[in-house]
Amino acid sequence: MKVQVIKDDCISCGLCVNSVPAVFEWDDDEKAIAITEHVPDKLEAEVEDAIDSCPTDAIEEI
């Protein structure tokens with residue numbers, strides 16, 4: 001699984017960064033970014049929850 005954050009849609013709510021810090025962090029503009037090329041298998045369920053919970057649908061699986 002691979003994910004990306006659509007920067008223009010991110011409102012910096014922090015849900016993804018706080019729930020899966022091994023996959024998401026803040027960039028210099030305080031927008032979330034995916035920091036891994038591939039989501040580790042053990043974190044896929046948590047990332048799916050972050051995707052489903054994102055209030056602006058800014059996280060997408062690629």
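User: What share of the contacts with a separation of 6 or more comes from residues 24 or more positions apart?

Analyst: This is a predicted model. A contact here means heavy atoms within 4.5 Å. Among contacts with a separation of 6 or more, the share from residues 24 or more positions apart is 54%.

User: In what order do the elements run from the N terminus?

Analyst: The protein holds two helices and four strands. Read from the N terminus, their order is β-α-β-β-α-β.

User: What is the radius of gyration, and what does the globule rule give for 62 residues?

Analyst: The C-alpha trace spans about 30 × 20 × 20 Å along its principal axes. For 62 residues the globule rule gives 11 Å, and the protein comes close to that, so it is as compact as a globular protein of that length. Its radius of gyration is 10 Å.

User: Where is Glu-30 found, and what is its relative accessibility?

Analyst: Glu-30 also has a positive phi, about 60°, although it is not a glycine. Glu-30 sits in the loop between β2 (24-26) and β3 (32-34). It counts as exposed, its relative accessibility being 57%.

User: How far apart are the centres of the positive and negative side chains?

Analyst: The protein carries 4 positive and 17 negative side chains. The centres of the two sets are separated by 5 Å.

Notes: Residues are numbered from 1 along each chain as its sequence is written. This is a predicted model: local features need pLDDT of at least 70, side-chain atom pairs count only at pLDDT 80 or more; totals for chains, interfaces and linings use all residues. Side-chain values use heavy atoms; hydrogens and water are left out. Buried means under 20% relative accessible area, exposed over 50%, partly exposed in between (1.4 Å probe, protein chains only). The radius of gyration is taken over C-alpha atoms; the globule rule is 2.2 Å times the number of residues to the power 0.38. Lys and Arg count as positive and Asp and Glu as negative; His and the chain ends are not counted. The place of a charge is taken as NZ of Lys, CZ of Arg, CG of Asp or CD of Glu.
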